[in-house]
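Please keep the structure open beside them and look up each place as it is named.

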Amino acid sequence: MTLIINIIGALFIIAIVVWFWLWKPRATQHANGSAIDIIVANGIYKPDVIELKRGATATLNFRRDDPSPCAEQVIFHGLDISETLPIGKIKSIQLTPAKSGDYRFTCQMQMYQGTLKVVDA
Ligand SMILES: [Cu+2]
């Protein structure tokens, strides 16, 4: 009996380690001046890493499926953009990044997190 409990405990610890430290869902999408769809649900932006070309106008189509107030706003840090996302509808945000670099985009509480990678064309 003790052995079984120990095994369950060990599996639990492994699951926690994998979940919090090892498992990093990363889906990079390249916008390249065109439109890109981003789903807002279950605490993550999907995709959460988006590559844009500097100086090119990209359209980010946010679709918020998460009705909780947490997901209501999206803020692009360093780009002076913040928008309110309606539930279940597409919200298009256009941006033309002038400088290359990484820009974070988050909800107002910074629980949703994503990165815009602006690269030189
Ligand atoms: Cu939030």
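1. I begin with the sheet, in which four strands are arranged in the order β3-β2-β5-β8, forming an open sheet with mixed pairing. Strands here are DSSP runs of E with at least two residues, helices are runs of H or I with at least four residues, and both are numbered from the N terminus; two strands count as paired if DSSP finds at least two bridges between them. The edges are taken by β3 (44-46) and β8 (90-95), each of which has a single partner strand, so one side of each is left without a neighbour in the sheet. From one strand to the next the twist averages 25°, where axes are lines fitted to C-alpha atoms (for helices, over the stretch in contact) and angles run from 0 to 180 degrees between N-to-C directions.

2. Before going further, please note that this is a predicted model, in which local features need pLDDT of at least 70 and side-chain atom pairs count only at pLDDT 80 or more, while totals for chains, interfaces and linings use all residues. Residues are numbered from 1 along each chain as its sequence is written, and side-chain values use heavy atoms, with hydrogens and water left out.

3. How do strands of a sheet pair? They do so through backbone hydrogen bonds, either parallel or antiparallel. In this model, strand β2 (residues 35-41) and β3 run antiparallel and are joined by three bridges, and V40 stands opposite Y45 in β3.

4. N42, which is found in the loop between β2 and β3, has a positive phi of about 55° although it is not a glycine. N42 counts as exposed because its relative accessibility is 76%, given that exposed means over 50% relative accessible area, buried under 20%, and partly exposed in between (1.4 Å probe, protein chains only). The peptide bond from K46 to P47 is cis, with omega near 0°, and P47 is found in the loop between β3 and β4 (49-53).

5. Which atoms coordinate the copper ion? They are C70 (O), C70 (SG) and C107 (SG), at 2.0 to 2.7 Å. C70 lies in the loop between β5 (58-64) and β6 (73-76), and C107 in the loop between β9 and β10 (113-119), so the pair ties together parts that are 37 residues apart in sequence. Donors are N, O and S atoms within 2.8 Å of the metal (3.2 Å for Na, K and Ca), and sites may look incomplete because water is not among the atoms. Both C70 and C107 are buried.

6. The loop between β9 and β10 also holds M111, which counts as exposed because its relative accessibility is 56%. Leaving aside neighbours within four places in sequence, M111 is in contact (heavy atoms within 4.5 Å) with G43 and C70. The C-alpha atoms of M111 and C70 are separated by 7.7 Å, although the two are 41 residues apart along the chain. In the loop between β9 and β10 one also finds Q110, a residue other than glycine whose phi is positive, near 60°.

7. Finally, G101 is found in strand β9 (residues 101-106), and its relative accessible area of 25% makes G101 partly exposed. Not counting residues up to four places away in sequence, G101 touches L116, K117 and V118.
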